[in-house]
Amino acid sequence: MSLDKLKLSKPLVTAMTDAGFLTPKEIQSRTMSRILGGQDVIAVGPEGSGKTTTYVLATLMKLKYAFEEAPRALILVPDAEHVDHVLEQFKLLNRNSTFRILGIDSRGAVDTQMNEITDGCDIIVAVPDRARALYLKLALNTNKIQLFIVDNAELIVKKGLQLPVVELANSAYKSQHVVFTEVMHEKLNHMISPFMKDSTTTIEVDEIGEKQAEVYQQMLYLVPNFRTKLNLLTLLLGDTEIFDKVVVFVNTRLTAQTVYKNFNQHKEGEISIYRSLFFDDKGYDDIEDFKDNPEARVLIVANENLGELNIEGIPFILHFELPEQKETLIQRIVKRGDEDVVAITFSTDIELIEVKKIEQAIGQKLEVMELPEDLKVVDAADKPKKKKGVEEDESSERGAAFHEKKASNLKNYNYSAGTKAKMTYKNKKGLS
């Protein structure tokens, strides 16, 4: 497919070609016509799928002419680093400096930024909280905004910047709204549903790279919050027959203490901490001692200042929290020899972005497991219980941005991790 299929102007096609973009990416070919047609769009795609280039091209095409007093496009990104990246993309494709583009973030003085906006600009790339501050000071006029774009929406939610996004979007009520994100989840949907139209189209591009290496069997549990993670961990590890030797990874030594104390009743020496924060807690300074002790079943390990750790011979690797660097997790799940190892990952909505990066890096999806029926799910919202015999219309609770799961993601079974491990073991041993 050629760039001409995107229906770009000749100067933009030339700029794309000169920049090395010879063919459009899938997300560009599927979203461009809809954005140019004025439709609200939610575009979901992994890092490197071309999301930024897509809305930069769409913005340059939509505005058509330059130099008006008030901005006509507002692009919200999570931080100053993303502001710089988007400005570079505009500089690359806005060849003749047709539009005045202004970057707004916390590095500049508010008064200076107020003057810059007052002097006139066509496109503003900003972090949400600073853009909101300028709006409240009456410096940012949103009345003429035609295109309201939220990029890396999942990171904006992770940073807790939902309120300024919603307030700015509602103030630009005449505009077209476009959201780009790597993942969709409940918290993100809650942020965007107040301003996305009922006719919003969700376009999902699921590009997984080539498989880089063989990894152990992967399982993924999606849970709403930290407390539910603790309940799930306790429930799974309650099966002592299956989970006979387990390493549980967390991010900090303080979290390791929290997880350890959550196991209220256990045999002496059965559960311990690696290099414990407090001297009076049961623990090990050498993982080989844990491996050699038949009574020791669960070792809680903090990623904090960990260094190298030899976990060969451990049949179950649990990531209670995802490490900051995806490489930390990946090196633990790469298959070595003929060991039968099961790697289980717990993820909340906020951590889903890290899961996506891991999937991209290893070139395969993590298998999503159904939560056990007897799991106690902690609901922070404390929703009222439904009366028996009364069915509620679930669709009435969904925002405009809700989209159904793909058929490939739907599950019609409810295997626990223990059952799954037993099945895998029997298959490999040729047992019925």
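A polar contact is a pair of N or O atoms within 3.5 Å; within protein, one atom must be able to donate a hydrogen and the other to accept it, and residues adjacent in sequence count only if both atoms are side-chain atoms. Keep that in mind for two of the stops below.

**Before you start**

This is a predicted model, in which local features need pLDDT of at least 70 and side-chain atom pairs count only at pLDDT 80 or more, while totals for chains, interfaces and linings use all residues. Residues are numbered from 1 along each chain as its sequence is written, and side-chain values use heavy atoms, with hydrogens and water left out.

**Stop 1: the whole chain**

Show the chain as a cartoon. You will find 15 helices and 15 strands; these are DSSP runs numbered from the N terminus, with helices (H or I) of at least four residues and strands (E) of at least two. Of the 432 residues, 48% are buried, where buried means under 20% relative accessible area, exposed means over 50%, and partly exposed lies in between (1.4 Å probe, protein chains only). Among contacts (heavy atoms within 4.5 Å) with a separation of 6 or more, 76% join residues 24 or more positions apart.

**Stop 2: a seven-stranded sheet**

Now colour the strands of the open sheet with the order S3-S4-S2-S5-S6-S1-S7, whose pairing is parallel. Two strands pair if DSSP finds at least two bridges between them. Strand S3 (101–104) and S7 are the edges, each with a single partner strand, so one side of each has no neighbour in the sheet. On average, neighbouring strands here are turned by 15° against each other, direction ignored. Axes are lines fitted to C-alpha atoms, for helices over the stretch in contact, and angles run from 0 to 180 degrees between N-to-C directions.

Zoom in on S2 (residues 73–76) and S5 (residues 147–150), which pair in the parallel sense over four bridges. Which residue of S5 is the bridge partner of Leu76? Select Val150 to see it.

**Stop 3: helix H2**

Select residues 26–36, which form H2, and show Ile27, Gln28, Thr31, Met32 and Ile35: these residues are buried. They lie on the same side of H2 because they cover an arc of only 120° around the axis, the arc being that of the directions from the helix axis to the C-beta atoms. An α-helix has 3.6 residues a turn, so residues three or four places apart point the same way.

Gly38, which follows H2, has a positive phi near 90°.

**Stop 4**

Pick Val127, in the loop between S4 and helix H6 (128–136). Val127 is buried, with a relative accessible area of 7%. Leaving aside neighbours within four places in sequence, its contacts include Val77, Pro78, Ile104 and Ser106.

Then move to Asn152, in the loop between S5 and helix H7 (153–158). Its phi is positive, near 50°, in a residue other than glycine. Is Asn152 buried or exposed? At 9% relative accessibility, Asn152 counts as buried.

**Stop 5**

S13 pairs in the parallel sense with S9 (residues 246–250) over four bridges, and Phe316 is the bridge partner of Val246. S13 and S14 also pair in the parallel sense over four bridges, with Thr345 as the bridge partner of His319.

**Stop 6**

Go to Asn225, in the loop between strand S8 (217–222) and helix H10 (226–237). Asn225 is buried, at 18% relative accessible area, and its side chain reaches the backbone oxygen of Val378 at 2.6 Å.

Finish at Glu351, in the loop between strand S14 (342–347) and helix H14 (352–362). A polar atom of the Glu351 side chain lies 3.0 Å from the backbone nitrogen of Thr348. Glu351 is buried as well, with a relative accessible area of 15%.
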